[in-house]
Amino acid sequence: MKAAVISRYGGNEVVEVKDVPAPVPARGEVLVRVHAASVNPVDWKVREGQVRIFTGSKFPKVLGCECAGEIFETGPGATKFRKGDRVVMYTSVRRLGAFAEYGCTSGDRVYPVTDGIPFEQAACLPIAGLTALQSLRDHGRIAAGQKVLINGASGGVGHFAVQIAKVFGAEVTGVTSGRNVDLVKGLGADKVIDYGNVDFTRGSERYDLIFDAVSRSSFWKCRRALAPAGIYVSTLPNATIVAQIVTTILPGRKARQMWVKPNGADMAWIMDRVRDGKVKVVIEQPYPLDRVKDALAASESGRTRGKIVIEVMS
Ligand SMILES: NC(=O)c1ccc[n+]([C@@H]2O[C@H](COP(=O)([O-])OP(=O)(O)OC[C@H]3O[C@@H](n4cnc5c(N)ncnc54)[C@H](OP(=O)(O)O)[C@@H]3O)[C@@H](O)[C@H]2O)c1
């Protein structure tokens, strides 16, 4: 099968699209015939070796953490799915393997795709979608009527967060650059701040929840912009750990770090919102598997609008 492979850590020069043997599903695993995969910042962080504590030093590795397609084969004891079922696969950073014609992982990291949702949209949902939902609901305790600010509202996580916060009935302010103001308005944000003109941390507005989807700010910078019982949630755990410890002890505003967790019920929740048109999947650009380096470079630029997709099979 064709796959995006690395044989050492490094820049884009270490990525090769080449033929490798297709994986064979072991006990409890399934093999997915991949139609589309989605790129996240974690993919180039894996390529660079930034998360080698999880990815280790065994090569070659097939890159990619999430994809969608059809069940091709099931390993012994994997009884949840049958050949031909439409699924989305969310592998761990230890396992990887989504940027390939066939992806293999444990059956409990594979979820059904709701009828009517195309593979290229489904492939975008596990990491960015679950991060947005779990950050707002579980860490930020979002509630109807709250004032919620999303920093990085035009990116993979942020564009889902704006729409999910609206589903929860919040009043949403999105922070983005000038070129993406219309995009964020179109996602349903009640207000949009162009960070090139206005620093939201210095304004007079107070927010019940600040979700820093791109983690370009910090709890300490955002503290003034939080209501007295407000919560700040960050997607970069290391940057927020001290603030979380301090604010857990002290009364008042809280800082929360998050790690996204695979969860079937949450996947189904997002799929249903996508099917009902409450959450749109914005795809900046689809790339063929042969151009995976361009897709990684686009993600690395930090300027992604919505999600980047790799089309593996049409
Ligand atoms: N902890 C976890 O479990 C977890 C899970 C998922 C993601 N993450 C992390 O979360 C971060 C975001 O992921 P993502 O997929 O959303 O990334 P992304 O799609 O690459 O984010 C790109 C977006 O960030 C915006 N942006 C860049 N600089 C900004 C700034 N100074 N202020 C506001 N917006 C800015 C860009 O908008 P403009 O071009 O308009 O500036 C662009 O739309 C990454 O670091 C990722 O690794 C963590």
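A residue counts as buried here if 20 or more other C-beta atoms, placed from the backbone, lie within 10 Å of its own. By that cut-off, buried residues make up 50% of the 314 in the chain. This is a predicted model, where local features need pLDDT of at least 70, side-chain atom pairs count only at pLDDT 80 or more, and totals for chains, interfaces and linings use all residues. Numbering runs from 1 along each chain as its sequence is written.

**View 1. The shell around the ligand.** There are 33 residues surrounding the ligand, each with its C-beta atom within 6 Å of it. Gly 155, Gly 156, Val 157, Ser 177 and Thr 235 are the closest. Sorted by class, you get 14 nonpolar, 16 polar and 3 charged residues; nonpolar covers Ala, Val, Leu, Ile, Met, Phe, Trp, Tyr, Cys and Pro, charged covers Asp, Glu, Lys and Arg, and the others, Gly among them, are polar.

**View 2. Who supplies the shell.** Helices (H or I, at least four residues) and strands (E, at least two) are DSSP runs, numbered from the N terminus.

**View 3. Helix H5 up close.** H5 has 12 residues and reaches 17 Å from its first C-alpha to its last, close to the 16 Å expected, which is 1.5 Å times one less than its number of residues. With 10 of its 12 residues buried, H5 is largely enclosed by the rest of the structure; among them are His 159, Phe 160 and Gln 163. After H5 comes Gly 169, with a positive phi near 85 degrees.
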